[in-house]
Each structure stands twice: as structure tokens, then as C-alpha cells.
Amino acid sequence: MNRRWMRFAVPIVVFVMIAAACSKKDESSTGESGAPTAENTGKVNILAAVEPEEAAAIQEIADDQVNPNVDYDAEFEASGNFEQDVQVRGQAGTLDLIMLPQVGTIPTLVQTANAVSLEDMGFDIAELEDTFGKPFMDLGLVNGEHYAIPTNINLKSMIWYPKDDFDKAGYEVPETWDDLMALSDQIVADGGTPWCVGFQSEGSTGWPATDWMEDIMLRTAGPETYDQWWKHEIPFNDPSVQAAAQTFGDVMFHPDYVLGGAENTPGLAFGDAPLPMFDDPPGCWLHRQASFINAFFPKDAKAGVDYDWFPFPSMDTEGGPLFGGEMMMVFRNAPEVKDFMEQFMGTDFQCAMGGITAASRLSPNVNVDSSCYANEILADSAEVLKEGLESGSARFDASDLMPPAVGSGTFWTGMVQYMKGGPDSLDGILQDIENSWPSS
Amino acid sequence: MAAAPPPSGNALWLFALRLAGALAIPIGAGYLLWVTFDFLRSSDANRIVVVGVAVLVGVGGIFLLYWAMNRAVDLLPARYREGVRPWVFVGPCLVLLAVFLVYPVINTLLLSFKDAQSQNFVGLDNFKFVFTDESMLRAIRNTLGWMILVPLVAVSVGLAFATLVDRLRRGEAVAKSLIFLPMAISFAGAAITWRLIYSFRPAGFGSNIGLLNGVMIGLGQNPVDWISQHPWNNLFLMVIMVWMQTGFAMVVLSAAIKAIPDEIIEAARIDGASEWQVFRRIMVPTILPTIVVVATYMVINALKVFDIVFVMGSAELNQTEVVAERMIRWFFIGGNYGRGAAIAVVLFIAVIPVMVWNVRRFREEEQIR
Amino acid sequence: MSLAQAGDVEAREPVPPGAEDRAGAGEIRTGGWFVRIVIIAICVLWLIPAVGVLITSFRNEDLVNTSGWWTAFAHPLQAGQWTLENYRSALDAGGLGNSFLNSLAVTIPSTVIPITIAAFAAYAFSWMEFKGRYVLFVAVVGLLVVPLQMALIPILKLYVNGATIADYVVFPELRLNGTFLAVWLAHTGFGLPLAVYLLRNYIGSLPSSIIESAKMDGADHFTIFWRLIVPLSVPALAAFAIFQFLWVWNDLLVAYVFLGGTKDVQVLTLNLANLVGSRGENWQLLTSAAFISMALPLVVFFSLQKYFVRGLTAGSVKG
């Protein structure tokens with residue numbers, strides 16, 4: 001009988017001991033793993049949708065300028081799947097800072113991922129508006145508070161051309177839209193094809209076409225109407241939008257203007273599109289695209305010699321430069337995060353970033369000097385943008401500001417359908433895009 | 001220790017003790033595991049040590065846990081032993097599944113009744129969208145196509161290959177590895193692989209780098225944008241999945257074929273059966289349970305297909321949408337959690353017929369056994 | 001008709017490959033050439049896409065973008081079109097060795113742990129009687145359909161914050177995100193349905209007579225499982241090990257979400273994916289990256305081949 005009792009005594013004693021140990025452990029662990037405090041955790045993580053080379057280059061700058069002098073470690077993380085990652089980590093609460101290209105998702109992130117407002121962080125909004133321009137800062141406004149700071153911009157209203165062949169043929173850089181159309185006619189008369197256009201981009205096919213639309217819209221309907229457009233204060237099939245799309249179609253559907261014709265544009269990878277410019281004789285002479293297209297040009301082509309660019313010309317109105325960019329959002333209110341943001345926005349850091357050749361990062365900080373930039377092309381673009389930001393005529397890419405269901409969805413596909421369907425399909429397409437605008 | 005039954009007061013006391021003892025052992029083992037896991041939690045520890053500990057404790061410790069629980073069950077009063085023991089065996093599995101799979105399912109279900117930002121309940125609105133939107137309906141039709149064609153081809157080819165390769169005296173491992181190779185390529189690698197087959201460039205923009213267009217040009221034809229040729233583009237995408245998944249079917253079916261006792265096949269041959277008859281009437285029925293397993297897995301995988309469609313061009317433009325791709329698009333890119341979740345629920349519902357079929361087969365097999 | 005119809009049973013040592021008398025298993029009758037031709041045809045068909053990638057990985061960057069890979073066959077000896085640059089760039093990518101170790105650290109436990117847990121469960125579903133076993137098993141199989149992406153946010157939230165229902169802590173706040181343990185558990189959870197499905201199928205088809213006679217000898221379930229079922233199930237265990245290894249090794253999403261994407265904890269797939277710009281520049285580097293990353297899984301596959309021999313269990317069953 002004694003031994004029978006012992007069979008149970010041992011396990012029970014063990015049980016009791018463990019229970020005692022466990023409860024002690026729980027107490028200490030709740031102390032450790034309590035709610036996130038505002039204390040310095042020693043790490044600041046920045047999630048960015050940049051190329052890995054860019055991220056490495058920016059990290060170098062951070063390691064150079066920031067990390068040695070502070071009590072935290074700033075680490076840039078490049079993500080290939082940015083939209084998904086931001087949502088997953090945002091909801092789970094593991095984000096510190098992000099550099100967000102889809103500015104239109106700011107309201108969603110504020111709601112679902114508990115973003116911290118700049119006012120709560122203690123930033124001086126007036127000062128920020130001086131540095132970056134009020135229109136830009138306003139893009140981060142949600143419910144009266146600011147949630148985002150510009151981090152970098154890139155110029156989109158650029159038309160590239162093969163400079164050496166241009167000069168040889170005696171063509172002149174056009175200043176107005178009519179001049180541009182006249183130039184196109186001239187090229188046709190000389191036996192060439194003026195435009196190279198490609199819209200294919202795997203899952204994002206169609207986005208270059210939205211850039212065309214935005215440039216035209218900005219210059220035909222003017223900046224105020226442009227703002228009404230992306231804010232949905234006018235419907236997507238408003239006459240001003242229709243007119244802009246028709247002008248776009250005038251170029252694309254013109255029988256001799258586009259190499260391969262409009263119907264081939266959705267199948268042509270945007271990175272392949274400018275290549276015929278570098279043939280001898282050039283397969284095409286004009287290519288409208290944002291600054292990063294630089295990275296797709298042949299490696300031996302020289303800027304300013306083999307190719308150059310001119311700004312998208314004025315149309316009915318002067319318009320302003322179209323730009324894209326990223327804004328930084330905060331998710332953890334802590335002193336090291338704020339410190340890093342201030343350093344990141346400062347002219348030193350921004351100037352150093354301008355010198356990175358792997359990227360075409362232009363600083364939105366109007367105080368950054370153009371001498372910071374790695375080459376002429378970047379410096380000139382920066383000048384154009386600075387002017388635009390200071391004067392208030394520059395506009396952010398509309399499709400990034402619209403709700404993603406439209407801006408990263410139906411606007412893209414609509415444009416492609418327009419190319420395939422021809423001018424008559426425009427009305428139906430604009431109506432479809434209008435119908436797809438989310439109601440909330 | 002067959003003593004005379006003690007008086008009833010003692011029996012209750014004994015029962016309680018046994019129960020407590022039974023609990024103590026697994027809890028003790030669990031605590032040991034916990035201490036190790038705590039160590040494993042810190043990501044600063046040397047990786048090799050961490051892996052070593054994980055493998056040892058992971059396998060050894062888990063095994064120990066099962067052993068401990070099993071012993072604990074032995075401590076229970078005899079009446080309960082065999083009733084509780086199976087739960088010891090499936091317990092950890094069920095717990096892990098509940099946390100990692102069932103909980104997300106419930107979470108998704110709840111989200112599907114809420115709006116885009118999961119703020120308010122909207123009832124069945126999201127489901128209305130799922131069954132009326134043109135793109136969604138196309139996605140459902142396409143997915144059905146995937147669910148029928150891909151398993152059909154993959155299992156047939158896998159079965160045929162496994163049967164034939166079993167006959168080889170030499171070179172079997174090599175042949176199997178070649179079919180298995182596509183499974184070893186990561187998805188990014190597979191995407192590149194098929195880009196080099198389907199790639200398209202309009203005339204004048206450089207030569208085509210995709211094999212199919214190379215063939216077209218060689219035959220004097222114009223290059224074709226394969227991915228956008230509706231409705232054949234669905235088939236082109238399905239080929240990719242067949243290419244990748246046949247290796248799975250082949251490996252599993254090959255193992256099953258090798259488990260068929262030689263004597264049965266010999267006997268049939270001696271009786272004068274042709275090879276085809278041996279295959280149809282002996283081999284297939286014998287390995288039918290495995291065929292069912294492989295086919296089920298393929299069907300469910302086809303139901304879930306997302307990567308291939310998402311990466312190969314814009315699905316709406318090419319009309320190649322499938323349900324899972326729509327789900328990701330709405331949930332993550334469109335930021336509409338309600339719709340994304342509702343589409344996921346459609347997936348859950350779609351798998352029910354497959355499950356029902358499996359239950360029936362399962363019961364049949366057990367009757368035979 | 002299943003293996004159970006074979007009569008008596010005797011567990012034997014696994015027969016080494018080749019030793020079994022193939023000729024005795026029925027001389028290949030008319031099948032000889034037919035079999036070989038069909039096999040070669042299927043293999044060639046399967047290989048063509050892979051050959052394209054292989055050739056591209058050795059070609060010059062400019063050539064890759066301007067001419068089809070099959071043209072390399074036209075001038076195979078033309079110097080200047082072959083290069084090791086793609087491999088060099090991929091291997092020079094910062095932190096490759098580290099990410100390789102990270103991948104190993106993620107993959108090995110994530111393969112070994114699910115097998116253990118699933119084997120026990122599969123045995124119970126096959127050979128133990130308990131209420132609800134059909135329903136539960138089918139539910140487990142049904143969980144195969146749960147898309148991974150739907151589980152990411154809830155699980156990550158769980159890891160970071162734990163879960164409470166009405167103020168009672170249901171899941172403690174473990175702050176597991178960013179640890180290896182988090183990835184192992186996640187991969188285990190996601191891999192269990194297939195594991196249980198495959199193993200149950202195999203274990204359930206073992207002859208019931210084996211189990212009966214072991215029971216008659218007085219063995220309890222645990223011993224039967226450990227000493228009898230597991231050795232007999234080696235082909236199925238090996239098969240699942242291959243698939244799980246492969247899947248975890250090639251996985252990017254789960255490792256990225258639960259472990260992280262920073263340089264110190266990056267897995268190999270992430271490291272290699274970062275070679276390519278997000279707009280698609282340098283995509284030819286992915287070709288060499290694919291082969292680099294494929295090397296280890298293929299080695300694993302080859303080394304586990306020896307478990308797929310005829311006669312492993314057939315030999316243990318007497319006619």
C-alpha cells in the first residue's frame with residue numbers, strides 16, 4: 001500500500017513544484033513583455049519599397065552619418081512585396097517606420113495599423129510645410145492631423161530623346177504641345193516613327209498610361225481640376241477627363257505615331273520600350289517616362305550625349321511637373337524614432353542620398369542644393385521639381401492618390417482596354433472606372 | 001498489484017490522485033520543453049546551437065512528451081485509458097492545427113461579414129459582390145477549369161511515369177529526378193523559366209526571347225503575346241502548374257507502386273494477363289487510396305493557385321483571374337479586407353465536396369481492410 | 001483490394017536496392033523499348049524549360065535580353081557569349097553564406113518536427129478507435145485549403161500580442177515575432193495537414209495482421225507505433241520529408257513575415273530575390289540564383305532515394 005501511494009506522490013510533488021515555478025515565471029514575464037513602452041529599444045526599422053541596391057546604399061549613408069552618433073541602430077529593409085508586407089506587419093504592430101509610395105493608402109493605414117500622427121510625435125507642422133511645401137504635406141492629412149512626411153520624389157513629366165541623332169537630324173526641342181505634335185509630324189515626314197510606348201509591367205500593366213493621362217490632365221484641365229479629379233470631387237467620366245483621354249488617344253491612335261501601334265502597347269514591357277531609340281537609325285525618337293527609366297537604357301549610353309530629356313510641354317495651361325515619391329509614416333511613438341526621422345529629413349542625409357547613382361532619388365526638401373546630385377539629369381530634374389514645389393504647381397501622381405481599387409486597379413486596366421479597344425471604347429471605360437470607385 | 005477492491009471512500013481519493021498524477025507527468029515534460037523553447041526564442045543565440053537544440057529537443061523532446069503523456073494515461077483508471085489514449089496521439093497535432101489554421105479560418109469568417117476596413121458589419125454584402133462581379137465570376141469559372149484539368153493531367157502523367165520507370169533496370173533514380181526537378185525550383189525560378197518560354201516582343205522591339213515565339217518566327221509567323229490570348233492563356237498557365245506538380249504525384253505514386261507485393265503481380269502474369277490488364281486490374285485498384293490522396297491534394301492545390309496567375313501578367317486584362325488571386329488582390333492590394341475574406345470563404349466552401357468524397361472513400365477503404 | 005489480403009506477416013530488414021531479383025518480378029515483356037521511349041520523351045519535355053534557364057544562366061547579360069536562348073545551340077562554341085558573371089554576381093550578393101545558414105536553420109527543424117507530430121496522429125487516425133475520427137480526419141484534410149496569406153496576419157498578431165477573451169489570457173503574449181521558433185511553429189502548423197494525409201494513407205494501408213499479431217503478443221499502442229509502424233513507414237516518412245524540406249527551403253513569405261527580412265535573419269530565397277530590382281532589372285540573375293538555390297533540395301532528394309525501393313514492405317508480407 002505504501003508503494004502504491006508513492007506512485008502518485010512523486011508526480012504530484014513535481015506538479016506542485018512546477019506550478020509554483022510557473023506562476024513566478026509568469027509574473028516576471030509579464031513585466032518583461034508588457035505593453036510597448038516609449039523607451040528606447042535600441043533599434044529603428046525602416047521598411048521601404050526600394051530596390052535592394054538603393055536600400056544598401058541608403059543604409060551606408062545611415063551607417064555613416066547617423067548610427068555612430070546615436071544610441072540606436074537604424075536599419076533599412078527593402079521589401080519586394082511592399083503592399084502586402086505593410087498590411088501584415090501593420091496589423092500585427094511590428095512596424096516602426098515605412099517609406100510609402102502608395103500615398104492613397106494613408107487613410108487606410110491610419111485606421112487599420114494605428115499610425116501615429118506627426119502632431120503626437122511632437123513635430124512642428126509649420127516648419128515642415130516650409131521645408132516641403134504645403135500641398136505635399138497636405139497629402140498626409142487624415143481627419144485634420146498629419147500622418148506622413150515626404151522622403152523622396154522622382155520627376156515624371158519627362159520626355160527622353162536620342163540627343164545625338166536629334167541634333168544630327170536638325171530637330172528642335174519643343175516647348176509647347178503643338179510644337180511637339182509638329183515635331184512628330186516632321187519625323188513621320190522624314191520617314192521615321194516618333195513615339196515608343198510600352199505599358200506592360202506584369203501584374204501592374206497599365207501604370208505608364210496613367211502617367212500620360214495625368215500629365216495631359218494637369219496641363220489641359222489645370223491643377224485645381226486635377227485635384228478635384230483624384231479626390232473624386234468630379235466623376236471619372238467628367239468632360240475634362242474625357243477631353244484629356246481623347247488627347248491621349250490622338251497621339252496613341254494616330255496611324256503613324258506609335259511604333260507598333262496602340263494595340264501593341266499593353267504587350268510591350270515598359271523597360272523594353274525605349275530601346276529602339278538607341279538603334280541606328282533610331283527606331284523611335286520620343287519616349288515619355290519617369291526618371292527611373294534611366295536604369296533600363298543600354299549600359300554604354302551616355303547621359304547628355306546619347307540621350308537627354310526635356311520637360312513635358314505646356315498645353316492649354318502651363319500646368320506643373322508631375323512627380324511620384326514616397327512618404328514616411330510612423331507607427332511607434334518613441335524618442336529614437338523621432339530622432340531618426342529628423343536626421344533623415346535633414347539636408348545632410350538628403351544631400352548624401354542625392355549622390356547615390358544606383359537610385360534616382362530627389363529630395364523633397366527644398367533646402368537641398370542641386371550640387372548634391374550624382375549627375376546632370378538628376379540635378380536638372382531636381383531644379384524643375386523644386387520650382388514646382390515652391391510655386392505650388394507640382395502635383396503628385398494621381399493614381400497613387402486614388403483609392404487602390406482604382407489607382408492600382410481599374411485605372412490601370414481601363415487604360416489598357418482603351419488601347420486595345422480604340423477611341424470609341426472610351427466612354428464605356430470611363431464609366432466603368434467611375435463605377436468602380438469605392439463608396440466609402 | 002491486484003489487491004482486493006478498497007472501500008469506496010478510498011477509491012475516490014485514489015481516482016483523484018491518479019488523475020493528478022496523470023496530469024503532472026505531461027505538465028512536467030511540457031515545462032522542460034518550455035524552458036528549452038524559451039532559450040530558442042532569443043534569436044541572438046548561435047544559429048547552429050539553436051538548430052541543434054531545436055532538432056534534438058524538437059524531435060526528442062516531442063517524442064518524450066508523447067511518451068510521458070502515454071505513461072500518464074496508464075496512470076488513469078482502467079476505464080478511461082483506451083478512451084483517452086487516442087487523444088494523446090492526436091492532441092498536439094490538433095492543438096497546432098487549431099492555432100495555426102482553424103483560428104485564421106474563424107478570423108477570416110468574421111472579417112467576411114465586415115466592411116473594407118473591418119469597422120462595421122455589412123452582413124452578406126461582400127458575398128453578393130463575390131457572386132455578381134464579372135471578374136469574380138470569371139475567376140470562379142477559371143478556377144473550376146484549373147481544378148479539373150491540372151489534377152487530371154498531373155496524376156495521369158505521374159502515374160504513367162511511375163509505372164513505366166518502375167520497370168527500368170537502371171536509370172530509374174535519374175529519370176525520377178528529372179521529373180522531380182521542377183518541384184525543386186523555387187517559385188521565382190519557375191516564373192523566370194516560363195517567361196523564357198512565353199515571352200513576347202512586338203516586331204521591331206528586338207528579337208523574341210521566348211521559346212514559343214522563337215518557334216513561331218522560325219515557322220515564318222508573327223510572334224504572339226501568349227499570355228494575353230484569351231481563353232487559351234489559361235491553359236498556358238495550367239501547363240506551368242502541371243510541370244511543377246507532376247513530380248509530387250510521381251514520387252508518391254512511385255512509393256505506392258513499389259509497395260505492391262510482387263507475388264500478386266507475378267500471379268496475374270502467370271495467369272496470362274497482359275501488361276495493360278495487370279496495370280488496370282491489379283495495380284490501379286491496389287494503389288487507388290494513394291491515387292485518391294494525390295488527386296485530392298492536386299485538386300485543393302489547383303483551387304488555391306495564386307502565384308502563377310498573379311505573376312504572369314495582369315489577370316484582369318488577360319482574363320485569367322482565379323479565386324485565390326482575386327482574394328489577394330482585394331485583401332492586400334485593394335485594402336478591402338471584407339471582400340478579400342469573403343472570397344477566402346468561397347474557397348473554404350469549395351473544398352467541402354472534396355472532403356465529403358474523402359470521407360466516403362475513407363469509410364470504404366476501412367470496410368475492406 | 002489492399003495489402004491486408006496478404007496473409008501472415010514477418011517484419012524483415014529492408015532489402016538493399018538491386019538485390020531484389022527484378023527478373024523474378026516478371027521479365028519485362030514487350031515493354032522494353034516502348035517503355036524507354038516514352039520515359040525519354042516525357043523527360044525531354046519536362047527538361048526543356050529547365051534547359052532554357054540553365055543556358056540563360058551562363059549567357060552574357062546583353063545576349064540574354066536580345067536573343068533567344070536556343071540560338072546558343074547554333075553557335076555553341078562562340079566565345080564571349082558564355083560567362084560565369086551571373087553566378088558570380090549571385091554568389092557575391094551580400095550575406096549569401098549567412099542566408100544559407102539561416103535557410104538551413106529554418107528548414108531542418110521545420111521538416112523534422114511536423115513529421116514526428118504527424119506520425120503519431122496518422123497512427124491514431126489509422127489504427128485507434130475513438131469517437132469522431134472520420135470527421136476529425138476529414139477536417140484536417142480540409143484545412144489543406146486554407147490559403148497561407150489568410151493566416152499571416154492573425155498568427156503574427158498572436159505572436160506579438162497574444163490573445164485574450166473577455167480579459168482571460170487564452171494565448172500568452174510571447175513576442176515570438178522575429179525568432180526562429182516562430183517560423184518553425186508556423187511551418188509545422190501549415191505542413192501538418194498534408195503530412196497527416198500522406199502518412200495516414202500509408203500507415204492505414206499496412207496489413208492489419210501485423211498489428212493484430214503484435215497486439216496478441218501484448219504490445220500496447222505506443223510500442224506498436226514506435227517499434228513496428230515507424231520502421232515500416234520509412235518510405236512515406238522519407239517522401240513527406242522531401243516535400244516539406246523542399247517547400248520550406250523554397251519558401252519566402254512565411255520566413256519573411258515571422259522571422260524578418262533584415263540582413264541577419266534573411267533566408268536564402270529572400271537574399272536571392274533581392275538581386276532583382278522591383279521593376280525587373282537584372283532578372284537574368286534569377287536564373288543563376290534558381291540553380292544555386294536548387295542544389296541542396298536536389299541533393300536531399302537523391303540521398304533519400306534509397307528509401308524508395310521495391311520490396312521494403314512487400315518483403316515483409318508473406319503470400
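Modeller: What follows is a close look at the strands of chain A, and then at its neighbours. Please keep in mind throughout that this is a predicted model. Strands of a sheet are held to one another through backbone hydrogen bonds, and the pairing can be either parallel or antiparallel. Between β7(A), which covers residues 158-161, and β9(A), the antiparallel pairing runs over 4 bridges, and if you look for A:Y161, you will find that A:D308 is its bridge partner in β9(A).

Now move to strand β6 of chain A, at residues 148-155, where 8 of its 8 residues are buried, so that the strand is described as mostly covered. β6(A) pairs with β10(A), residues 322-330, again in the antiparallel sense and over 7 bridges, and within this pairing A:L155 has A:F323 of β10(A) as its bridge partner.

Chain A also touches chain C, through a contact that takes 17 residues from chain A and 19 residues from chain C. On the side of chain A, both β2 (73-78) and α3 (82-92) supply at least two residues each, and by class that side has 7 nonpolar, 7 polar and 3 charged residues.

Chain C meets chain B as well, with 109 residues of chain C in contact with 103 residues of chain B. Helix α4 of chain C, residues 96-127, gives the most to the side of chain C that touches chain B, namely 14 residues, and that side divides into 79 nonpolar, 27 polar and 3 charged residues.

Helix α5(B), residues 134-166, packs against helix α9(B), residues 232-258, at an angle of about 40 degrees, with the axes 6 Å apart. An angle under 35 degrees would count as roughly parallel and one of 65 to 115 as roughly perpendicular, and α5(B) and α9(B) are therefore oblique to each other. The crossing in which α5(B) passes α9(B) is right-handed, and the residues of their contact divide into 17 nonpolar, 8 polar and 2 charged.

Conventions:
Residues are numbered from 1 along each chain as its sequence is written. Chains are lettered from A and ligands numbered from 1 in the order in which they are written. This is a predicted model: local features need pLDDT of at least 70, side-chain atom pairs count only at pLDDT 80 or more; totals for chains, interfaces and linings use all residues. Two strands pair if DSSP finds at least two bridges between them. Two residues are in contact if their C-beta atoms, placed from the backbone, lie within 7 Å. Ala, Val, Leu, Ile, Met, Phe, Trp, Tyr, Cys and Pro count as nonpolar, Asp, Glu, Lys and Arg as charged, and the others, Gly among them, as polar. A residue is buried if 20 or more other C-beta atoms lie within 10 Å of its own, exposed if 12 or fewer, and partly exposed in between; C-beta atoms are placed from the backbone. Axes are lines fitted to C-alpha atoms, for helices over the stretch in contact, and angles run from 0 to 180 degrees between N-to-C directions. Angles under 35 degrees count as roughly parallel, over 145 as roughly antiparallel, 65 to 115 as roughly perpendicular and the rest as oblique. A crossing is left-handed if the near helix is turned anticlockwise from the far one by less than a right angle, and right-handed if clockwise.
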